[in-house]
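Could you have a look at this one with me?

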Amino acid sequence: MALAEGKAPARAGKAEPRTPAPRAKATVGSGSGQYAQSFNAIDKAMRNDEGLASELDYAEQTSWLLFLKYLDDMEHEWAEEAALEGKTYTPILARPYRWQDWAAPKTKDGKPDPNARTGSDLIDFVNGKLVPHLKSFKDSSVGADSLQYKIGEIFSEVANRFRSGYTLRDVLQIVDTLSFGSSEAKHELSDLYETRIKRMGNAGRNGGEYYTPRPLIRAMIQVVQPKIGETIYDGACGSAGFLCEAWEHLRQADLSASDWRILQRSTFYGQEKKSLAYVLGVMNMILHGIDAPNIRHANTLSENVMDIQQKDRHDIVLANPPFGGGERPEVQQNFPIRSSETAYLFLQHFIRKLKAGGRAAIVIKNTFSATPTTPVWSCAANCWPAATCTPCWIARPAPFRVRA
């Protein structure tokens, strides 16, 4: 783990009216009761579908269904808030794409509608109408940070893998019993979802892409000690474990309303190249309580590091970038020190992304070396991290420490 250290600025300003205290953090995998039973029932139903073959498929399909159920719950909540303020709420999803129209239609007495789509009719609707409609949000004029854009981004990357509409109907009925209406519900759901991600990572050949051990993440966060008002960045965020744990670290009982808004909107930033990991990261942050995560679906290494400006930099970098892989020559051209090893490329990116005086905790492989034979950026004027002195960045031995 490489640690680049600087002083953390103190919090400033007086506290405003307090937000409700968050629940104490539970041990990952400790979910019980209705939600745990529901997740087990979802797994059991998915095993019966021939289109779902592994834990990766289970996680992906659970993610987009949970996302749409979450969106439906939030839309009801936002509509109620607007009504209390005497305003008119315009829903993001209209008929027939609302959850209550296709996923969980009800009769007048509130029971499941026996005439709801199922079998091939349900599969045809999801594949032919629902998913293309949700994809179209990405092409609209909304901003990239909006929830609408993220809907389009997510459904541009996921596909319905259910082949049996009967199995999908069974799963929809289970998901409909889950509620996102309280912090307690989100807490337990996030706990169960983390367990699913961990199990998926263990099942896949490249499990590290999706899951970094949480004790390691928490130790790294304890070292850098993020503060409210600082920005936190992970350029290889995977399932957003670092960002979620940093959120839990900062979400204390004495938060003011302004602090809460800062955490929600302008603290956590991430990028992820892989489609499945991107979807998992967005859903994981939503379940932890961040309504519209600032995660971009992009290859971080495709960005020319010399184009990074002060406005693009962050106070803290937390990451476990992929290493042992390789990048094509055209990607290597984005870096002063060219290498096919992704670990060296990511480290150059992260150094460039740090503000002057910023802190970083980054997982690197134990064969990594910051020696004259493996040059890393530093400043000729010894003002590392030299965030404001672009002309004097040269290849020379790294002045920061490397700790095992």
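What follows is a set of numbered points on the fold, the core, some helix pairs and a few backbone details.

1. Ground rules. This is a predicted model, in which local features need pLDDT of at least 70 and side-chain atom pairs count only at pLDDT 80 or more, while totals for chains, interfaces and linings use all residues. Residues are numbered from 1 along each chain as its sequence is written, and side-chain values use heavy atoms, with hydrogens and water left out.

2. Overall make-up. The protein has 13 helices and eight strands; these are DSSP runs numbered from the N terminus, with helices being H or I of at least four residues and strands E of at least two. Of its 404 residues, 52% count as buried, where buried is under 20% relative accessible area, exposed is over 50% and partly exposed is in between, using a 1.4 Å probe and protein chains only. Among contacts (heavy atoms within 4.5 Å) with a separation of 6 or more, 76% join residues 24 or more positions apart.

3. The cores. A nonpolar core here is a set of buried Ala, Val, Leu, Ile, Met, Phe, Trp, Tyr and Cys residues joined through side-chain atoms within 4.5 Å. The largest one has 83 residues, and Trp102, Phe268 and Leu318 have the most contacts inside it. Helix H2 (residues 55–84) gives the most to this core, with ten residues. Apart from it lies another core, of 18 residues, including Leu301, Val305, Ile308 and Ala319.

4. Phe268 up close. Leaving out residues up to four places away in sequence, Phe268 touches Ile232, Leu243, Ala246, Trp247, Leu250, Leu263, Met285, Ile290 and Asn294.

5. H9 against H11. The axes of helix H9 (residues 241–250) and helix H11 (residues 275–288) come within 9 Å and cross at roughly 15°. For the axes, think of lines fitted to C-alpha atoms, for helices over the stretch in contact, with angles running from 0 to 180 degrees between N-to-C directions. H9 and H11 are therefore roughly parallel to each other; the cut-offs are under 35 degrees for roughly parallel, over 145 for roughly antiparallel and 65 to 115 for roughly perpendicular, with the rest oblique. Their crossing is right-handed, meaning that the near helix is turned clockwise from the far one by less than a right angle, with anticlockwise being left-handed. Leu243, Cys244, Trp247 and Glu248 of H9 make the contact with Asn284, Met285 and His288 of H11. By class, that is four nonpolar, two polar and one charged; Ala, Val, Leu, Ile, Met, Phe, Trp, Tyr, Cys and Pro count as nonpolar, Asp, Glu, Lys and Arg as charged, and the others, Gly among them, as polar.

6. H2 against H5. H2 and helix H5 (residues 147–157) have axes that come within 11 Å and cross at roughly 160°, which makes H2 roughly antiparallel to H5. This crossing is left-handed. On the H2 side the contact uses Glu60, Trp64, Phe67, Leu68, Leu71 and Trp78, and on the H5 side Leu147, Ile151, Ile154, Phe155 and Glu157. The contact has nine nonpolar, no polar and two charged residues.

7. Helix H4 (residues 119–135) packs on helix H6 (residues 165–175) at about 75°, with the axes 7 Å apart, so H4 is roughly perpendicular to H6. Gly119, Leu122, Ile123 and Val126 in H4 meet Gly165, Tyr166, Leu168, Arg169 and Leu172 in H6. H6 is largely enclosed by the rest of the structure, because eight of its eleven residues are buried. Arg169 is one of the buried residues. The cover over the buried part of H6 includes helix H1 (34–46), H2, H3 and H4.

8. Backbone spots to check. Most residues other than glycine have a negative phi, and most peptide bonds are trans. The bond from Arg95 to Pro96 is cis, with omega near 0°, and Pro96 sits in the loop between H2 and helix H3 (99–102). Gln225 has a positive phi, near 45°; this residue lies in the loop between helix H8 (214–224) and strand E2 (232–234) and is partly exposed, with a relative accessible area of 26%. Ala240 also has a positive phi, near 65°. Ala240 is in the loop between E2 and H9 and is buried, at a relative accessible area of 0%.
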